[in-house]
Amino acid sequence: MVPGVCGMTKAYRSVSGLWRLYFVSVRCALLAGSLLLAMPAEAQFAPGQTLLIDADDTLWENNIYFERAIAAFISYLNHKEYSREQVREKLNEVERENVRQHGYGLVSFRRALVTCFESLSTGPITPEKHERIMSFAQSIADQEIELLEGVAETLPVLASRHRLILMTKGNQVEQVDKLARSGLRDYFTAVEVPREKDPEAYREVCGRYELAPHTTWMIGNSPKSDINPALACGLHAVYIHHPYTWVLEHEVRDEAPAGQHFLEVESFGDLVKWF
Ligand SMILES: [Mg+2]
């Protein structure tokens with residue numbers, strides 16, 4: 001080999017080796033950084049808390065199916081004078097009344113659709129129309145359970161450190177069935193399905209399980225059912241925003257009284273930073 005070429009090759013090898021060393025160092029630094037990011041931050045609250053956890057729109061999607069069914073219903077009604085918004089407002093009114101009389105759930109929703117159709121439609125409900133209206137509600141019952149982001153990974157971690165109790169309002173049979181289909185049942189030591197999640201319901205649950213308010217938290221997406229009544233009973237609360245929370249669950253969130261915690265997190269997965 002020509003000496004000059006050999007010298008150049010050595011020089012090339014030496015430069016190449018430096019670059020390789022540089023790239024290996026950078027890759028190691030990036031890997032270490034990504035491992036640090038992947039590790040959960042140290043939890044802020046000691047193990048042994050009791051976490052009451054909401055289900056619909058906290059653990060799994062729910063209201064988006066109702067919104068789709070309602071959109072289909074309004075299109076089918078095709079009202080000549082009322083706008084879509086006006087029909088929706090009428091349906092909200094009927095639902096409020098139905099919930100008062102019959103509770104939450106699909107049975108109540110079916111009734112609301114029929115009542116709304118009867119009051120707004122000019123003609124009678126024929127068997128065919130009735131069947132079609134029922135199909136809008138049935139489309140919700142036929143939905144697979146779709147867990148929200150981070151739930152599948154986070155619940156096992158929370159269950160290993162704390163006592164978890166599912167607290168969801170609605171129809172007992174429907175909610176227990178959804179929990180069974182979700183595959184999450186084993187993470188909860190108990191399941192509570194009150195008719196309404198008001199302060200009275202929270203007091204009952206706290207009494208039944210002898211929960212100490214200073215180590216008990218309600219976690220959910222509804223200011224009306226999860227946050228405000230829990231704070232009113234002396235519990236801590238964690239709000240997880242869901243962009244499609246049912247309009248009847250909207251309410252201004254109360255301030256946490258002195259000595260109680262109120263947290264707001266972006267997603268269910270963020271709970272490991274606190275618990
Ligand atoms: Mg909810």
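Modeller: Crossing at roughly 135°, the axes of α3 and helix α4 (residues 106–120) come within 9 Å of each other; axes here are lines fitted to C-alpha atoms, for helices over the stretch in contact, and angles run from 0 to 180 degrees between N-to-C directions. This is a predicted model, in which local features need pLDDT of at least 70 and side-chain atom pairs count only at pLDDT 80 or more, while totals for chains, interfaces and linings use all residues. Residues are numbered from 1 along each chain as its sequence is written, and helices (H or I, at least four residues) and strands (E, at least two) are DSSP runs numbered from the N terminus.

α3 and α4 are therefore oblique to each other, a word for angles that are not under 35 degrees (roughly parallel), over 145 (roughly antiparallel) or 65 to 115 (roughly perpendicular). Their crossing is right-handed, that is, the near helix is turned clockwise from the far one by less than a right angle. From α3, V87, K90, L91, V94, E95, N98, V99 and H102 meet V107, S108, R111, A112, T115, C116 and L120 of α4, contact being C-beta atoms, placed from the backbone, within 7 Å. These residues divide into 8 nonpolar, 4 polar and 3 charged.

Helix α3 (residues 84–102) also meets helix α2 (residues 63–77), with axes that come within 10 Å and cross at roughly 115°, and this crossing too is right-handed. Here I70, I74 and L77 of α2 touch R84, V87, R88 and L91 of α3, a set of 5 nonpolar, no polar and 2 charged residues.

In the loop between β1 (50–53) and α2 lies D57, which has a positive phi of about 65° although it is not a glycine. Most residues other than glycine have a negative phi. D57 is buried, with 22 other C-beta atoms within 10 Å, where 20 or more count as buried, 12 or fewer as exposed and numbers in between as partly exposed.

β1 itself is joined by 4 bridges to strand β2 (residues 163–167), and the two run parallel; strands pair if DSSP finds at least two bridges between them. L52 stands opposite I165 in β2. Both strands belong to an open sheet of 6 strands with parallel pairing, in the order β3-β2-β1-β4-β5-β6, whose edge strands are β3 (190–192) and β6 (262–265).

Methods: Two residues are in contact if their C-beta atoms, placed from the backbone, lie within 7 Å. Ala, Val, Leu, Ile, Met, Phe, Trp, Tyr, Cys and Pro count as nonpolar, Asp, Glu, Lys and Arg as charged, and the others, Gly among them, as polar.
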